[in-house]
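This briefing goes through a multi-chain model topic by topic. Please look over the sequence and the structure before reading on.

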Amino acid sequence: MFRPVQGPAVWGYIIGALVASGVIFFLLTLIPGRFRKPLIALITFLAGLFYALEFFWPTGRDDTNFLTPFIDPAGQMAQVLQAFALGLGVYSLVSVHLRSIARQRSGWGFSVVLFAALFAIAISGLLNAYRPNRYNQNVFNFFFVGGLQALDSTMFSIIAFYIVSAAYRAFRIRSVEATILLSSAFIVMLGQVALGQALTNWLPAEGFGANLRVENIRTWILTRVNSPAVLAVDFGLGMGALATALRLWLSLERGSYFDREL
Amino acid sequence: MEHATWPARIVLIVFSAIIVAAVLSAQRGRKLFIRRIPGLTAIDEAVGRATEMGRPILSSVGLGGIDIITLQALAIISSVAQTAARYGNRVLLPIADPVVLPVAEDALREAYTAAGRSDIFHAEDVSFLSERQFAYAAGVAGIINREKPASLFLFGTFFAESLIIAENGNRIGAIQVAGTPSTTQIPFFIASCDYVIIGDEFYAATAYLTRQPTLLGSLVGQDIVKGILLALVVLGVLLLSFGQPAVFNFFEDKNLALMQYFRKMPGTGG
Amino acid sequence: MGFFDRLQNIDRRVLYLLLILAVGLPLIFSAPVPAPAVLPPTRSFYDTVEALANDPVRRNKLVILSANFSSSTAAESLTQTDTVMRHLMRRKLKFAIFDFVDPQGRELAQQTAEKLQNQYGYVYGRDYVNWGYRPVGAAVPTVKAMVRDIPAAIGRDITNTPLTEIPVMEGVKGVNDIAAVIEVTGSASLPVWIGYFQRTGREPVPTLFCTTAVQGPEAFPLLKSGQLQGMLVGLQGAAEYEVLLKEPGFATRGSASLSYAHFLILALIILGNVSMLLSRSRSSGSGTGGTR
């Protein structure tokens, strides 16, 4: 819907947007305290109304209605806000760690490592993008493939160790519920792997006897017991989300969303 | 589904009306009951223990952006923070999404102010770590091992980092209370945490903790709507069992067409 | 602390060491393990790809291989990508790699394609293409735009060539020119395809799902509802697929590691419980004034 502006006009738009934002901010500060909450409620309502109307309004043959063309620009606005918020996040990170280094708090060396990593990957990424050559690519790969990818894989595989210690510690038959949980976990785990499946592969692959094969019992537990339970929980969650969304959208809590009731 | 189908329009509008009506009725003073939820009753115990031990509380709202789940999680954590503030204790809140950061900081500041202890609120206790899942998990695990919090509150959207955080909490002997709508992560929390709130208890938490009429009314509305959904499911099962697939087609005809298309295709056994 | 109490509280470092051995040794020494049973979701995944290849109209359309994973789940996701790509190449189906979750997915899938292309006589641009990575925030608008005009929505491939100039993209305009979507992921990206792509064309687009073992159970209802035509769950799913392809590879070796690791966990759970019960019966037996 909105086409990107090219050439010097871009600067005109940027400066215009900054000035307009400044004026809006200034006007907002002039609003008396008692009108602030109704104003927030109104803006929240209008913003929600846009998405609700777009979703519910009947559509034509091409599955669009009069609001559909505005959906993408609205999404882009959200992305711009997200990008500015990233700056806020980096500011928070930098200020916490700079303070830690300045005051030489315990573990301040880790803050130095953080800055070294931050600058290393940012600079090598920029050089690789804007001055692409073999040297810059190798440096970038060293940090991205050798560092980030390896660390990602490592952190994920650590979960396997935690699963072992958590399962060993937590799966104890202390009650009837715990015993049922343990028994079904046992069958699902056996039915999940080749060695476990081998325990019952002497049973026929077809016919009634096949139902007793451990992988089939596992599939039965997952699809006939677990799936309905997951769906039921999802129904409850969906309704909970709907109720919370309605309270926020219509400002039914009469304050900001976690405020005391007025 | 890009736009609402007619069944979705009818169902969502009717359900919304019921929930709003229940909220308005509760606001007019209708008395409502809420059952005991053990995980939430434990919050006071966990906060009290942290104070006795002179150690901080650590909470996390997971990896979610600024959505309904994160806002609800922040509402729960801000209630925890009010209790902590009354005891004069610190709440650390590492954040993964920069958009959530200012909202979270504001929520905690308000919680401390509401408890009359804005003097002990430190903005740097709410800090951004990283948007990357495992960098965030490593950061939280680091804070847990350095600060040794006595209690952990994990509410929000969690993925595989759930177990990394909860096991580190378990290792240092912290009391842990968790709640998430991410159903695949609930088993990990159950194995590592002391109390886990499951399913829509997550959305009932603020009503339970604050007993505000608006929230209790909303909870009643949710339950009525769930009852209707359950009745619709039973009706659908009965009609389909007795050979009336028209109802099924009314709700979703294209899926059925897709299933039939693949049954007709050569070489398809599934 | 008695013997049974100690068995209930084995140091976690010992548990970790046992796990390293259970996972590592079968990979190094290729331990013998029986072939896994092929479960229905894997079977219907395979049958769907076969059905596409046998369909005279659909076999000329493009398959989207959505590589929405990072190196963290590579053991599962990359192995699944490898085995599924072998099947596509074996049946001469054209495909496009695409990614909107993590830029690593695009790279890892491309590396796999380059590894396999000589074996199956595939050429980049002629038989497959890599559309590259789009940020997660732009995923929904991009996929929605792809319904009507893929070359306009994607623009250029990873070599910076406009899609309109790439041979494999000839005749590919929108959703009606897509044979199937294969989503490989460890995150929650599947709803983007189901919600905004699957049912937007003249006919629904068959959607196949490669997921991690943890996320698998959540997707079972989608098989029943017909929103998924097949699913590979975790490394085990990839191992089952290798059985169907009759081409044992990393997943088959990994299947042995999985088996031994699962049995280790089961053994530890039994050990913990038996020692708990024995320790309880011993303490109630040695009690002097306790009620029986």
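Which residue in E3(B) stands opposite B:Leu93? The residue opposite B:Leu93 is B:Val126 in E3(B). This is a predicted model, in which local features need pLDDT of at least 70 and side-chain atom pairs count only at pLDDT 80 or more, while totals for chains, interfaces and linings use all residues. Residues are numbered from 1 along each chain as its sequence is written, and chains are lettered from A and ligands numbered from 1 in the order in which they are written. Helices (H or I, at least four residues) and strands (E, at least two) are DSSP runs, numbered from the N terminus.

**Sheet of chain B**

- An open sheet in chain B has 6 strands in the order E3-E2-E1-E4-E5-E6, with parallel pairing; two strands pair if DSSP finds at least two bridges between them.
- Strand E3 (126-128) and strand E6 (195-197) of chain B are the edge strands, each pairing on one side only.
- From one strand to the next, the twist averages 15 degrees.
- Strand E2 (residues 91-95) of chain B runs parallel to E3(B) and is joined to E3(B) by 3 bridges.
- Helix H4 (residues 100-114) of chain B lies across strand E1 (57-62), E2 and E3 of chain B, at about 170 degrees to E2(B). Axes are lines fitted to C-alpha atoms, for helices over the stretch in contact, and angles run from 0 to 180 degrees between N-to-C directions.

**Helix packing within chain B**

- Helix H5 (residues 133-147) and helix H6 (residues 161-171) of chain B have axes that come within 9 Å and cross at roughly 5 degrees. H5(B) and H6(B) are therefore roughly parallel to each other (under 35 degrees; over 145 is roughly antiparallel, 65 to 115 roughly perpendicular and the rest oblique).
- The H5(B) side of this contact includes B:Phe134, B:Val140 and B:Ile144, and the H6(B) side includes B:Ile164 and B:Ile165; residues are in contact if their C-beta atoms, placed from the backbone, lie within 7 Å.
- The contact of H5(B) with H6(B) has 8 nonpolar, 4 polar and 1 charged residues. Ala, Val, Leu, Ile, Met, Phe, Trp, Tyr, Cys and Pro count as nonpolar, Asp, Glu, Lys and Arg as charged, and the others, Gly among them, as polar.
- Helix H2 (residues 38-53) and helix H3 (residues 68-86) of chain B pack at about 40 degrees with their axes 10 Å apart, which makes H2(B) oblique to H3(B).
- B:Ile43, B:Asp44 and B:Val47 of H2(B) make this contact with B:Val80, B:Thr83 and B:Ala84 of H3(B).

**Contact between chains A and B**

- Chain A gives 48 residues to the contact and chain B gives 49 residues.
- On the side of chain A that touches chain B, helix H2 (33-56), helix H3 (71-102), helix H5 (134-170) and helix H8 (214-249) each supply at least two residues.
- H8(A) gives the most to that side, with 16 residues.
- The residues on that side of chain A divide into 31 nonpolar, 9 polar and 8 charged.
- The axes of H8(A) and helix H1 (residues 6-27) of chain B come within 10 Å and cross at roughly 65 degrees.
- A:Leu242, A:Ala243, A:Leu246 and A:Arg247 in H8(A) meet B:Phe15, B:Ser16, B:Ile19, B:Val20 and B:Val23 in H1(B).

**Domains of chain C**

- Chain C is divided into domain 1 (3-31 + 254-285) and domain 2 (40-248), with bounds from an automatic or database domain assignment.
- The centres of domain 1 and domain 2 of chain C, taken over C-alpha atoms, are separated by 39 Å.

Key:
Contact = placed C-beta atoms within 7 Å.
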